[in-house]
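Biologist: I would like to learn how to read a structure, feature by feature. Could you take me through one?

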Amino acid sequence: MKRTALVSLAFVLVCALLALTLGRGLEVQEDPVATLRDADPIRHALFKFFQERSPFQGRVFVDASELDQPARQAVITALGAIGYVQSGGPPKDAISPLALVPLLPAALVEKRLSDVEINARVADARAAAALPGGVALLREMERDPFLFGPFLAANLLAPLTPKTRPARIVTFVLPPGASRPAYAKIGAAYAELEALRPAIHFVGGDFFAYENYLTVKSDVEFCLLVSIPLNLILFAVFVRRLVFLVLLLVGSGVSYVFGLAAVRLAGTEVYALVLAFTSTFIGFNNEYLVHLSGLDFGRLKRAMIGLGSAIGTTLIGFLVLLPSGSPIIQQMALVSLGGMAGFLLFLFANQKTLATVKVRTLRWPKLRFGKLSLVGLWVGSIAAALLFGLPEIKTSVDAFKVPTPRLDADVAHFQALMPSIDLTDVRAVELGAADPYAKWLEVRAPDSFHPLKVYKPAPEQAPTLAVLERDYAPQMQKLAAAFEGAGFRFTFAPEAPPAALAAPDFLRALDALSSPGALPWHATVAGRPFLFIARPSAERAPDAVPVSPRRHYDELLTGLGRELGLLFLVGLGAMALYLIPLQRNFWSVLYIFSPLAVFAASTCALGAAFDRSLTVVHFMGFALVIALAVDYTAIAVSSDWRDEEMSKVLLTGLGTVASFGVLCAARHPLLRDLGFVVTAGAGSALFYALLFRFSRKEPHR
Amino acid sequence: MNLSVLIAAALTLAAVKERYAAHDGIEADIVQTKESPYLVKPLVSKVHLSVKGATVRWEVQEPVASTVIFDERGARIAGEAGSLPDGPKTTALLSFLKALAAVDFPALERDFVLTVVGERLIATPRPESQLGMIKELALEFDAALNIRHLTVTADNEITKLAFTKLELAPRKTKP
């Protein structure tokens, strides 16, 4: 024990040194979804550009219409404490709506410029002037004497500017450069706003993130509270040596630091999801510790085949993830490899102590089966997989979202208040040298949306331009005289009748006229011009880049799932190539992988039965199932089901099932799905390895 | 005890709010005088104000008849041809005018800080308000807390309203 303490102390010092030197500058990226980034720099730049201009980015919307003044002040104070300030909306560049008039039908413009309408404008000015504070309205009339602004809104732009009731909605924004507030502060502000229900409605990305954080935190606490006592009971039954726990806990700390050091050597950012993944270390470490317990490191030959199979396959499982295009997957591989190296190094330094730890041996009957049954199992599994087919590989970002009924109800409240254009599938279409309108005509589908929907090309503007050319100047003179006669003193900016409006000028004018925070519909990103179109034709714009968050992340996550699937296939092939010379027997290798064949067939059958797709979360679970299932069968077949080794498999297997089984009760869908996959996969493989003994000779002989 | 002392004693923010909190409607006759560089000469108009439920009618009777209606659909000029400018600031201004005409103090307080200064209730816009063009509202009351005068000071505008009649319809209580 004294030696163990000294070695442990030495490792703690090394780890502290590593933490001090490499830990500096290591930044944690918290949002697992937001940290997904497209490997293509243009696609990433387009998404970033669109999101930074999204009216929902860094904003909190509050419907405070039912709040009294003290409550309103409380909202301002609470949101102010986390850095939000009330937005009045930046003023847009002043632009005369006259520029857009050529897009109106000629008959309407002719009527608007008529003598009758001139009299109506004078009457409007009189009515506005007679309101207290009404001079502000007169100022608007001076800028737009024929009131083309509301006229255009009613007759041209109505499909682009859905009716809103902005007076009811107060917008709070994070000033540029402000850092995201800490969860504790968000929680305090959230509680203050929640206390004002039901008079208040509010939505904001920070509150969804906070709910997510709270759920994960409570899930982790619950899982630790249940799984730690369960594992302690297992240790009490099987080991009963304090030194075992010391080795496991100190060794896991060492593996944590070594894992992070490996990540730090590759970069300065570590994803929070990767940190969460390191919680699985204790399970893997427990497995190595149990299997190396009681062994003489000097005479490892006998146990080497089983241990080499188990450790080697796990190593291969992580190595094949290194070439992944996803930085998160790469980091998971790096942190696992570093952690594994750290723990094994720690155990090697403690080999003498480890040799004294014995695991209690249990005996139980096993059902023998032979080559024929094994072949039958494989044939049946392959047939079932072919029959049911591989489930669709598709991940929705919803897999990462916890249920938030109150916030979801408020989203519905604001959607009803601000009926808006459906922006759930906006895609960036590269313009190249093409005219924006020509491109829009080329890629539009019946339900596509873009402001160019209301645009008319120059030939179609000609009749309206003729009316403007003929009537605008004389009628403007008449209107000015009529205002003067009615006692108004306006100074009109001299304006010539507008010329034909080119599509790019239309889009620029629209930008200037649209409300603050409106989405960009055209932009130059990374030096290349793009149109942002809602639901363009998939056939005519196959290269359009999705920039709506849901589509963007769904595509990235689905791609990640497919990539993981491919990497696992490569990994399984590499494991087979590694195991065949190590086991020196094809049948043993076939047996080792057999629970995976059954698991794959079951996955296909369940996918077909429940019409479920395979998500990236399932693939993350499969990684653990592959690592664990192969270990159980490799140890079993290598030791020929020796009671000592099988007792170790029982101990590690039960520990894994206890740790991942409690995740099935988690509230977070990601943790719950992971729990189900690993518990089902590893549990069934454990059951199979413990109770079914493969014999290369047929049992009946 | 003279009248101004009586008014000063009665005029508290709470009392004014209470006076105008519970009514089923307002009928008022007003003489309005507006001065602005946008007007050749001061505009004097006679106005009838009518508030019924959520609908406010601002009816100018002289010198030229016109009616602006504020209701749940927004603000509009009565008649087919009537048109008002639009935009976020205009919407905020029209909401404010509706609140002012309806003497809706809770709604006014969203954009203004209310304080009692001597015999007058002064409203100044909050820093975050979109109604920065309104510099000050000053209300004067009689001893019964009926509004007598309202002065609106805004960019390029001073408007004075003298209330010649103000009737609040008491809220009907269920038997």
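Biologist: Which residues of strand 4 of chain A are on the covered face, and which are on the uncovered one?

Modeller: Start with the general idea. In a regular strand the side chains alternate between the two faces of the sheet. Now the case. In strand 4 (residues 169-173) of chain A, Val170(A) and Phe172(A) make up the covered face. Ile169(A), Thr171(A) and Val173(A) make up the uncovered one. Helices (H or I, at least four residues) and strands (E, at least two) are DSSP runs, numbered from the N terminus.

Biologist: What kind of model is this, and how are its parts numbered?

Modeller: This is a predicted model: local features need pLDDT of at least 70, side-chain atom pairs count only at pLDDT 80 or more, and totals for chains, interfaces and linings use all residues. Residues are numbered from 1 along each chain as its sequence is written, while chains are lettered from A and ligands numbered from 1 in the order in which they are written.

Biologist: What is the mean pLDDT of chain B?

Modeller: pLDDT is the predictor's confidence in each residue, from 0 to 100. Where pLDDT is low, the predicted coordinates should not be read in detail. Chain B has a mean pLDDT of 82. In chain B, 88% of the residues reach 70 or more. The model scores ipTM 0.89 and pTM 0.70.

Biologist: Which strand pairs with strand 4 of chain A?

Modeller: Strands of a sheet pair through backbone hydrogen bonds, either parallel or antiparallel. Two strands count as paired if DSSP finds at least two bridges between them. Here, strand 2 (residues 59-63) of chain A is joined to strand 4 of chain A by 5 bridges, and the two run antiparallel. Val62(A) has Val170(A) as its bridge partner.

Biologist: In what order do the 10 strands of the open sheet in chain B come?

Modeller: The order is 5-4-3-2-1-10-9-8-7-6, with antiparallel pairing. Strand 5 (74-77) and strand 6 (112-117) of chain B are at the edges. Each has a single partner strand, so one side of each has no neighbour in the sheet. From one strand to the next, the twist averages 20 degrees. Axes are lines fitted to C-alpha atoms, for helices over the stretch in contact, and angles run from 0 to 180 degrees between N-to-C directions.

Biologist: Which helix of chain A packs on that sheet?

Modeller: Helix 5 (residues 115-129) of chain A does. This helix touches strand 1, strand 2, strand 4 and strand 5 of chain B. Its direction makes about 65 degrees with that of strand 4 of chain B. Two residues are in contact if their C-beta atoms, placed from the backbone, lie within 7 Å.

Biologist: Which residues touch the most other members of the largest nonpolar core?

Modeller: In soluble globular proteins, nonpolar side chains tend to be buried together. A nonpolar core is a set of buried Ala, Val, Leu, Ile, Met, Phe, Trp, Tyr and Cys residues joined through C-beta atoms within 7 Å. A residue is buried if 20 or more other C-beta atoms lie within 10 Å of its own, exposed if 12 or fewer, and partly exposed in between; C-beta atoms are placed from the backbone. The largest core has 109 residues, and Val625(A), Ile626(A), Ala629(A) and Tyr632(A) touch the most other members. Helix 23 (residues 616-638) of chain A gives the largest share, 18 residues. A second, separate core of 103 residues includes Phe449(A) and Tyr38(B).

Biologist: Which residue is joined to Pro198(A) by a cis peptide bond?

Modeller: Most residues other than glycine have a negative phi, and most peptide bonds are trans. Arg197(A) is joined to Pro198(A) by a cis bond, with omega about 5 degrees. Pro198(A) sits in the loop between helix 8 (183-194) and strand 5 (201-204) of chain A. Another cis bond joins Glu62(B) and Pro63(B).

Biologist: Is Ala526(A) buried or exposed?

Modeller: Ala526(A) is exposed, with 11 other C-beta atoms within 10 Å. Ala526(A) has a positive phi of about 50 degrees, although it is not a glycine. Its place is in the loop between strand 9 and strand 10 of chain A.
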